[in-house]
Amino acid sequence: MAYLSLYRKFRPSKFDDMVRQEHVVRVLKNQIAADTVGHAYLFTGPRGTGKTSVARIFARAVNCEHPVNGSPCGRCAVCRALSDGSLDVVEIDAASNNGVNEMRDLREKVQYPPVTGKYKVYIIDEVHMLTDSAFNALLKTLEEPPAHAIFILATTEPQKIPATILSRCMRLDFKLIPTEDLVSHLKSVLGEIGRAYEEEAVVAIARAGAGSDRDMLSIAEMCLAYSEKLTYEGVTTVLGAADFLDTAALCGEILKPDLGAALEKTENILSEGRSVGVLCRDILQILNMVAIAKSCRNAEALLAVSSERFHAVSEIEKFADGRAILRATELFSKLETELRYASSPRICLETAVMRAALPETQIELDALAARVNGVERKLSEGVQKIEISQDSPKKTTKEPKKEAKQPQEQEDFYDDGYEFPTEEPVFEEAYFFDGALTESVPFEKAESVKARETGTASVAQPVAERSVAPAAPTETSAAMAFGKFLRTLRKSSRNGVLFTMCADLEAQFSDSVLILTTDSDTVYRSLNKEEHRKLMRETFAEIGVPEYRLVKRGEESADVKGGIEEIKRNFSNYNVEIK
């Protein structure tokens, strides 16, 4: 007997042998049992999922004299006649018989009754390949078929079929087969033919089948021809795929990101003769595994890989950012489409690697988010290192001790993202004055100024304070007072928003009142809220400023307005212009 391929040798002969597609099988079984078989069916779904096999089983089952659980018995005269070949089951390849003449010939022959069975079944495969004229010729037959005729249309592209045909058919959608079911089916096939195999090799072939049972068996047949025992190394060699750990290391460098290491690993893999398209698919597969490991609790059971490979994936998942994984997956998915038309596929692949490993060169939201998450991760690692170093015991060595003054309090990161320094900056007169001041004027609290003005100052007053004339507070002292207010505010208050708004104020003294000026109406209204005014009053009292006033630039106080009106009344004979 001539050699049969695995997918032909192990083609299902009854409904119970089908791999999944339970929803389709159940509908057909119930119709056979209830004797409510329709006249036209449309089987649609991906390739290799069992459309033609189910159509053949159904054609024998509707003609079987004694069906068993909805499936043909295989022992009656009709089943034996159909298995040997009969005119009652006609298969038409619409890809090569897509003209109107073929459909006219079918319309004429469908009038003849069946020879052995009860129904005459026409299976039209790849029906979407028919021309418009052929569909029109078939339409009348589907609308009013003979009582003994059943049409089964099979296609992978139902969107190309006219609506007039679709409306006259019972549509049954076939689904992709899960990997675990493909693994079980392949193990049963290998056990029946007596071939040894590795678990990882079977899983790799099932994944390469991508939900298609026929594709999986075709790949398995190639791998079995490569070596006596089905091994993972042999499968990767036959498929032209790179080593899993090498590809995982490449994905890890992309997600770190480390451009130099990523390009180096890419060159090493391609130098072994690996296909660019296959490497792109391998990268996508590992990125998908990393995403599953990062998102799912039972990731190890879902991925169904060895402990060594799952460990490699989990190591990447620990430091990889979710947005970076998503962005890289989108880049390489787009690359897979572009490679079909690329004249330099290797350059396209390296460009995609550079884009994925250089988020700082991109301005889209995912790239910016990946950069921000990377910075946050580095900051958190830095904080952890600081905490570990502070909590670790001191080592006793003979080296001289280095005196390092540690801050008494470790400042935290505020919710608004502002990092407060641990030491007070030194504010000098040069920051607030243009250089005309010849002497250092230290800031004095309001109590000291009032004591000197009333003459009740202590005789033991420091020389530096006595050397300065008891004049009104200057612009420099106002700036120094406001600087000390800001330093005290950010230490005592955890309200970063309040600190940010106060940082933009301008300060000057009017008598003993510190006037704070702003141009923003929003800042003015917000700082006048009771909770903000309370914090500011407490902080000013702590640094010795008894009173402050918040003013919006452009709005004059009531005193100023009253003074202007009085001047205008006293000098009514003159044109008073206020500037």
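Predicted model: local features only at pLDDT ≥ 70, side-chain atom pairs only at ≥ 80, totals over all residues.
Me: How many helices and strands does the chain have?
Reply: The chain has 26 helices and 8 strands.

Me: And what share of the residues is buried?
Reply: Of the 579 residues, 38% count as buried.

Me: Let's look at helix packing. How do helix 9 and helix 10 cross?
Reply: Helix 9 covers residues 199-209, and helix 10 covers residues 213-226. Their axes come within 8 Å and cross at roughly 135 degrees.

Me: What do we call that orientation of helix 9 and helix 10?
Reply: Oblique. An angle over 145 degrees would count as roughly antiparallel, and 65 to 115 as roughly perpendicular.

Me: Is their crossing left-handed or right-handed?
Reply: The crossing of helix 9 and helix 10 is right-handed.

Me: Which residues make the contact?
Reply: Helix 9 brings Ile 205, Ala 206, Ala 208 and Gly 209. Helix 10 brings Asp 215, Met 216, Ile 219, Ala 220 and Cys 223.

Me: What classes are they?
Reply: The contact of helix 9 with helix 10 has 7 nonpolar residues, 1 polar and 1 charged.

Me: Now helix 14 and helix 16. At what angle do they cross?
Reply: Roughly 70 degrees, with the axes coming within 9 Å. Helix 14 spans residues 276-295, and helix 16 spans residues 307-319.

Me: New topic. How many disulfides are there?
Reply: The count comes to 0.

Me: What is the nearest cysteine sulfur to Cys 64?
Reply: The sulfur of Cys 73, 3.4 Å away. A disulfide needs the sulfur atoms within 2.5 Å, so Cys 64 is in no disulfide.

Me: Is Cys 64 buried or exposed?
Reply: Buried, because its relative accessibility is 9%. Cys 280 is buried too, with a relative accessible area of 0%.

Me: Where does Phe 499 sit?
Reply: Phe 499 is in helix 23, residues 496-502. At 8% relative accessibility, Phe 499 counts as buried.

Me: How far is Phe 499 from Phe 485?
Reply: They are 14 residues apart in sequence. In space they are 10.0 Å apart, C-alpha to C-alpha.

Me: Backbone next. Which peptide bond is cis?
Reply: The one from Lys 256 to Pro 257, with omega near -5 degrees. Pro 257 lies in the loop between helix 12 (244-255) and helix 13 (259-271).

Me: What about the phi of Gln 21?
Reply: Gln 21 has a positive phi of about 60 degrees, although it is not a glycine. Gln 21 is in the loop between helix 1 (6-9) and helix 2 (22-34). Its relative accessible area is 3%, so Gln 21 is buried.

Me: And the phi of Glu 126?
Reply: Positive, at about 50 degrees, and Glu 126 is not a glycine. Glu 126 lies in the loop between strand 3 (120-125) and helix 6 (132-143). Glu 126 is partly exposed, with a relative accessible area of 24%.

Note on methods: Residues numbered from 1 in each chain as written. Heavy atoms only, no water. Axes fitted to C-alpha atoms, helices over the stretch in contact; angles between N-to-C directions. Helix = DSSP H or I, 4+ residues; strand = E, 2+ residues; numbered from the N terminus. Parallel < 35°, antiparallel > 145°, perpendicular 65-115°, else oblique. Left-handed = near helix turned anticlockwise from the far one by under 90°. Contact = heavy atoms within 4.5 Å. Nonpolar A, V, L, I, M, F, W, Y, C, P; charged D, E, K, R; others polar. Buried < 20%, exposed > 50% of the residue type's maximum accessible area, 1.4 Å probe, protein only.
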